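This briefing goes through the structure shown below, topic by topic. Please keep the sequence and the model in view while reading.

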Amino acid sequence: MTPELLHSLLGGLLIGGGAAVLIVLDGQIAGISGIFSKVIRGEVGQTGWRIAFLIGLVAPAALLGLPGLQFSLGLPGLALAGLLVGFGTGLGSGCTSGHGVCGIANLSPRSLLATLSFMGVAIVVVFLVRHGGLL
Amino acid sequence: MITLIALVAGLLFGGGLLLSGMVDPQRVLGFLDVAGHWNPALALTMGGAVAVAAPAFFYVRRHGRTLLGTSVTLPDRFRIDASLLGGSAIFGLGWGLSGICPGPGLLLLTGGSSQSLVFVAGMVAGFYALAAVRRRPRTVAADPPAT
């Protein structure tokens, strides 16, 4: 197994571990779009654990630093993509973490269909951009 | 205690996003590029995450409570409607363009780049835009136009 595959697998086990700890001890879903939007929009109640989760979430990257990485879009494109991600995850009640990890782990047909929807569209978009001359 | 547990859960989750490569937009786009130089590594991330989380969800679903005894109502598993599918499709559009989903977006903020700031600001604007759209029908019902 190459180091990249090993890191991807170990990272996945850690992500699943985080989701498992949060549901089995706190009874909460590790859905990042939901947690973040509720904190940002100042939803009353349950703010403490949400903020603690978000601090924990960014702490490893803040302490260890990010790997060298490259963005695929300029600033206007990133603003538009962010807008679509925020609006879409809100309307669809979840993102890669809430539906893709927690929902599927909970054997939820609802989350499975949501995941197929966002992964399917994302695959089509990447195909059009990289092989269809879009952008 | 609840707060401390959430902090630990966040640390595990965020460490996993960092280690797996989910935080790298190019890696994510390579995973989504099934017709090109497909990089399947992130399938292991998703599979590994689901495999570890599934037993925990099984326990809570079966017992209706946490290991600490707090009762839990899990989200509806069967309601499938246009909001779910349409919203997820809109998210997929943004994810496919950028290679960034919400968790990695927040991790990228720690680098302080203008790109990450603009992406997360867009995301926040998206949350508010949705709230504004959802509020509108109720406002109309509460305030009928003057005749």
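## Loop residues and the two chains

A:Ser93 sits in the loop that links α4 and α5 of chain A. This is a predicted model. Chain A has 6 helices and 0 strands, and chain B likewise comes to 6 helices and 0 strands.

**Loop residues of chain A**

- A:Ser93 is not a glycine, yet its phi is positive, at about 60°.
- A:Ser93 counts as buried, because 22 other C-beta atoms lie within 10 Å and the cut-off for a buried residue is 20 or more.
- A:Gln46 is a residue other than glycine with a positive phi, near 60°.
- The place of A:Gln46 is the loop between α2 and α3 of chain A.
- A:Gln46 has 14 C-beta neighbours inside 10 Å, so it is classed as partly exposed; that class lies between the limit of 12 or fewer for exposed and that of 20 or more for buried.
- A:Ala30 belongs to the loop between α1 and α2 of chain A.
- Is A:Ala30 buried or exposed? With 30 other C-beta atoms within 10 Å, A:Ala30 is buried.
- Beyond its neighbours within four places in sequence, A:Ala30 is in contact with A:Gly18, A:Ala19, A:Leu22, A:Ser97 and A:Cys102, and also with B:Ala9 and B:Phe13 of chain B.
- A:Ala30 and A:Val58 are 28 residues apart along the chain, and their C-alpha atoms are separated by 14 Å.

**Helix α4 of chain A**

- α4(A) has 17 residues, which at 1.5 Å a residue should span 24 Å; the C-alpha atoms at its ends are 24 Å apart, so the two values agree.
- The helix is mostly covered, with 12 of the 17 residues of α4(A) buried.
- The buried residues of α4(A) are A:Leu78, A:Ala81, A:Gly82, A:Leu83, A:Leu84, A:Val85, A:Gly86, A:Phe87, A:Gly88, A:Thr89, A:Gly90 and A:Leu91.
- A:Ser93, with its positive phi near 60°, follows α4(A).

**Chain A as a whole**

- The elements of chain A follow the pattern α-α-α-α-α-α along the sequence.
- Taken along the principal axes, the C-alpha atoms of chain A fill a box of roughly 50 × 40 × 35 Å.
- Of the 135 residues in chain A, 60% are buried.
- Among contacts in chain A with a separation of 6 or more, 40% join residues 24 or more positions apart.

**Chain B as a whole**

- Starting at the N terminus, the elements of chain B run α-α-α-α-α-α.
- The C-alpha trace of chain B spans about 60 × 45 × 30 Å along its principal axes.
- Chain B has a radius of gyration of 20 Å, whereas a compact globule of 147 residues would have one near 15 Å.
- Of the 147 residues in chain B, 50% are buried.
- Among contacts in chain B with a separation of 6 or more, 30% join residues 24 or more positions apart.

**Helices α1 and α5 of chain B**

- Helix α1 (residues 2–20) of chain B packs with helix α5 (residues 102–109) of chain B at an angle of about 85°, and their axes are 10 Å apart.
- α1(B) is therefore roughly perpendicular to α5(B), a term that covers angles of 65 to 115 degrees.
- α1(B) makes this contact through B:Gly14, B:Leu17 and B:Leu18, and α5(B) through B:Gly103, B:Pro104 and B:Leu107.
- The contact of α1(B) with α5(B) has 4 nonpolar residues, 2 polar residues and no charged residues.

Definitions and conventions. Residues numbered from 1 in each chain as written. Chains lettered and ligands numbered in written order. Predicted model: local features only at pLDDT ≥ 70, side-chain atom pairs only at ≥ 80, totals over all residues. Axes fitted to C-alpha atoms, helices over the stretch in contact; angles between N-to-C directions. Helix = DSSP H or I, 4+ residues; strand = E, 2+ residues; numbered from the N terminus. Parallel < 35°, antiparallel > 145°, perpendicular 65-115°, else oblique. Contact = placed C-beta atoms within 7 Å. Nonpolar A, V, L, I, M, F, W, Y, C, P; charged D, E, K, R; others polar. Rg over C-alpha atoms; globule rule 2.2 N^0.38 Å. Expected span 1.5 Å × (residues − 1).
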